[in-house]
Structures are given as C-alpha cells and as structure tokens.
Amino acid sequence: MKIEEGRHAIIEMVSQPQFIKVVLITTKGSRHRRKEKLGKLSFSLKGAIGHPYGTVFEVESHQLSPKQQNDDQISSLVEMGNLERGADNRDLQDDTMHQRLSSTQIYAMKKDGTKREEVIKHIVASSDTYKKKTEFSQAKYLERKKRQHLTDIRFLKPTLRTLWRVYNQKAPVKICYIREDTLAMLFLRANLQVGGRYLMLETCNGLIAAGIIQRIGGHGSLVQLHTGNQPPQAGVEVLDLSPEARKVVLHFPISAVSNLVSSFSTHDPELHLHVEDTENHQGHPKNKTSQPAKRTVGTTSVEGHSADSKGDGDLPSSRRRVDALRQAQCNQSMAPQESKTSSCREQAALELLKGNFDALVIVARYRPCPLVRTLFQLIAPSRPVVIFHQFREALIECISELRGRATDIEIKESFMREYQVLPQRTHPMNNTTTCSGFLLTATTLANPNSTFDLTQDSPLAKQSKF
C-alpha cells in the first residue's frame, strides 16, 4: 500500500525509535507549507507521496529522498575476534584527544553533501582507539554515532500496534497506561466477531473503539458511550477506516443512559418482543387513529402514539415505551434528519433499548462499579464482560456487583518483559514497565426475570443449551 495524500502516516527515526508521531499527508493549505518536526529534524512530507509504507527516507536540506535498503555498512565496521585475544578497555582514556577530526571538519563534510554513512566511516577511521576497543564497545560506539549523525526517517502504516506505540511514547496517561499485551488480552476476552453488537465505554482517545471497528469488519454495531459533548475519535480517524466500517459506530452520552435503561428495570418480557417486531415493520405504525404524544428520554426526544384520547398516563409503561420506539423508527426512516449528531443519538438509543449486546467493554479512568450496575442489564446471557482499570481496588469493588449475576469472575495482571538478544549479552532490558493495570473478566448469567427472549425457537435459547 502506498502513501497517499489525505491519509495519515506514522513516522519514526530509524536510529532513535522513541521519536515517533502521527502526521497527515497533505499538499494543500497551510499544512503543506509547514514543515513537520521530529526530534531535531524538520522536513516536508511532499517527497513521501507515492512511495510504499515502510520506506526509509533520508532528510537532506529539509527534503525527503528515498534510501536504498542495502546491507548495513556501518555495522560491518565492527572487528571480530577482539574478545578471543583477551582484549579489554582498561587502558583507554575517556577524552577527545584520540579523534583527529574536529567538529568543524565534520560539519563541512555534511554541508558539502557527503553521505551520513561516509561521515561515520571517516570518524571511525580517524579514531586512534577504535581498534583497541572490544567488539561490544565498538558496537555501542557505532550506535552512538548513528544517533548523532544519521537522519533516516521511516514511514509506517497506521495500525493498532503502531498507534499504541505513539500514545505509549508520548502520553501513556491518555490510554490509561494500558500495555500492548493487555490490549491484546482485552480484545481476546471480549470475543469480538463479525456481525456482533457491542457496548463500550473508553477514555483512550479512540484506541479501543478503533480496535473493535477493525475486528467486526463493518458488520454489526458498536454503541460507544462517552462523557462530554463529543466522543474520543482520534484513534478511529488516524487508522483511515472506510466509511462502511465507520457506519457501525453509534455514540450516546453516558449521562442519558440511566434514564434510558430504566425501562429494563420493570422486567417486562413484552418490551423485547415488541422491539423485535418493530424491526420487521419499520415506518408502519399499526395504530392509525392514535394521537401523537412526545416523550423525552435523557437527552433523546422521540414522539410516540397513545392508544386513546386519555393520554399516556393511563397506558402501561411497557406499552408507552413500545409506542415511542415504533414512532422513533418511523420518524427515522421517513422524516429528514435534523442533524447528524441527533440522528446518531436516536439510532444509539434504539440499539440500547433492544439490549442483548454481545459484550460489555469498559476502559476508563472512572470507577467502573456504577457503570456496571447500570449497563449490566443490557448484556445478553452467556456474554463476556471485560473491564480494565489501572488500580485493582476499583475492580474488586465490581466483584460484589457481579456476584450472583455472572460467573467465571477473574482479575488478571499480565506481565511482559523485553529482552536484548545479542551474542554473549542476552539479558532483560532495564527500562521496562512494571505494571499495566488489571483486567476483570466475567460471563453473564441468564436472569429468569429478565426481558430477554428465551423461547424455544430463539437463537439465544439454542445457544444456552450448550
């Protein structure tokens, strides 16, 4: 896949991978005239358009020029066999007298257009003590010179892993300090499948939402609950997902959920059956003589029909909810959309009223126990509940809420250590993360008083036999 205009890319320095960022490839407007900065380098992105992802560019005079992927000529400068001869560094002096090239001469070579690899070769040849160093010391010396003089930039395709690298390097607090192995375990235990319906709340700049959207493949639905006016969508935008894949995402404010899901507290089995019936008869209300009546659920306002002239107050609560749901679906298919945001909220409200979600995923900085208490009744039986939090005490509080309503409740802490694998010096890296938070997983149980359809012919009942 090639780098195209209008798409995102992730750039990193080859010699210093800790310098990594997300950029938008464009040749129009003020962003085209502005140069991107990465570390001490500044360059224009125009030279990268048309090249495949993974290409390494060399920065020269603020311009990008593709670099041929040949053998590493600098690493070949390491002389083998010093250790077998018993060489060590005890007689070396840490000063600048052993280097015959001055900084002025090195700067002049760079200004004349000399390749950076050739500059490093000249520095090595001008060193009086390089050949006296051990093999290990020579390798460290060359790596240090690469960081000082090389200007190689690599363009990476935005993926969930590379996006996590950017967030983890720049601001891990924005992704709740979640580590890549914990992120993989979260998606695994959520049992994400194509065509599933999922309920999710996150405060990770859209990283969790982007991963779920990729895995359901544009089929199914994802209701993303959020705080504030807008949900976090930075991760979804960076991955450049197709419009078909992004259509499955519906946003709904968490402040309005408690009023909306209160309809499930009555445990009326007729509600779920009427919701399924309205899916097959959208836009065709059966009661033609009914009078319109308006009902507000949280921040979502829908219009319903009453059965007679006495008003909604004389009808059962389940019947009023069914009428409001039918009329909301009718208005959604027939009336023009007032705004994109209100339409998305109406669709999300309909999905929440249907319930029977296939999984509940929570990755947030807030206390998850009140969220679990409110959202648990929207999950179908025998479905996973996955909650991530930085602190274990917040998840222990959820166990008492889930006890009796879920099984296989576990709190897990993953551990991962990065190792340096080199001849005669393989050891774990010193700079590593000690903790990546905790993951609570559980499986919901069927409630005999719930509103779910457990008839003999329902797909849910067939699955429950196993």
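## Helix packing and selected residues

The axes of α5 (160-170) and α6 (180-189) cross at roughly 135° and come within 11 Å, where axes are lines fitted to C-alpha atoms, for helices over the stretch in contact, and angles run from 0 to 180 degrees between N-to-C directions. That makes α5 oblique to α6, since angles under 35 degrees count as roughly parallel, over 145 as roughly antiparallel, 65 to 115 as roughly perpendicular and the rest as oblique. This is a predicted model, in which local features need pLDDT of at least 70 and side-chain atom pairs count only at pLDDT 80 or more, while totals for chains, interfaces and linings use all residues. Residues are numbered from 1 along each chain as its sequence is written, and side-chain values use heavy atoms, with hydrogens and water left out. Helices (H or I, at least four residues) and strands (E, at least two) are DSSP runs, numbered from the N terminus.

The crossing of α5 and α6 is right-handed; a crossing is called right-handed if the near helix is turned clockwise from the far one by less than a right angle, and left-handed if anticlockwise. Leu160, Arg161 and Trp164 in α5 meet Glu180, Leu183 and Phe187 in α6, contact being defined as heavy atoms within 4.5 Å. The residues of this contact divide into four nonpolar, no polar and two charged, where Ala, Val, Leu, Ile, Met, Phe, Trp, Tyr, Cys and Pro count as nonpolar, Asp, Glu, Lys and Arg as charged, and the others, Gly among them, as polar.

Helix α6 also packs against α7 (207-216), at an angle of about 50° and with the axes 11 Å apart, and these two helices are therefore oblique to each other. The crossing of α6 past α7 is right-handed. On the α6 side the contact is made by Leu183, Leu186 and Phe187, and on the α7 side by Leu207, Ile208, Gly211, Ile212 and Arg215. These residues comprise six nonpolar, one polar and one charged.

Helix α7 is mostly covered, with eight of its 10 residues buried, where buried means under 20% relative accessible area, exposed over 50% and partly exposed in between (1.4 Å probe, protein chains only). The buried residues are Leu207, Ile208, Ala209, Ala210, Gly211, Ile212, Ile213 and Ile216. Just after α7, Gly217 takes a positive phi of about 65°.

A further pair is formed by α2 (residues 103-111) and α3 (residues 116-125), which pack at an angle of about 155° with their axes 10 Å apart and are therefore roughly antiparallel. Helix α2 passes α3 in a right-handed crossing, and the contact joins Ile106, Met109 and Lys110 of α2 to Arg116, Val119, His122 and Ile123 of α3. Its residues divide into four nonpolar, one polar and two charged.

| Helix pair | Angle between axes | Axis distance |
|---|---|---|
| α5 and α6 | roughly 135° | within 11 Å |
| α6 and α7 | about 50° | 11 Å |
| α2 and α3 | about 155° | 10 Å |

Two loop residues other than glycine have a positive phi. Tyr177, whose phi is near 60°, is found in the loop between α5 and α6 and is partly exposed, with a relative accessible area of 38%. Asn205, likewise with phi near 60°, is in the loop between β8 (197-202) and α7, and its relative accessible area of 24% makes Asn205 partly exposed.

Other residues bring together separate parts of the chain. Pro52, in the loop between β4 (41-43) and β5 (56-60), counts as partly exposed at 39% relative accessibility and touches Met1, Lys2 and Ile3, not counting residues up to four places away in sequence. The C-alpha atoms of Pro52 and Glu4, 48 residues apart along the chain, are separated by 9.1 Å. Arg425 lies in the loop between β16 (419-420) and β17 (427-428); leaving aside neighbours within four places in sequence, Arg425 is in contact with Phe136, Ala139 and Gln420. The C-alpha atoms of Arg425 and Phe136 are 9.0 Å apart, although 289 residues separate them along the chain.

Glu401, in helix α15 (residues 392-402), is buried with a relative accessible area of 16%. The side chain of Glu401 makes a polar contact with the side chain of Arg373 (3.3 Å), a polar contact being a pair of N or O atoms within 3.5 Å, of which, within protein, one must be able to donate a hydrogen and the other to accept it, and residues adjacent in sequence count only if both atoms are side-chain atoms. Leaving aside neighbours within four places in sequence, Glu401 is in contact with Cys369, Val372 and Arg373.
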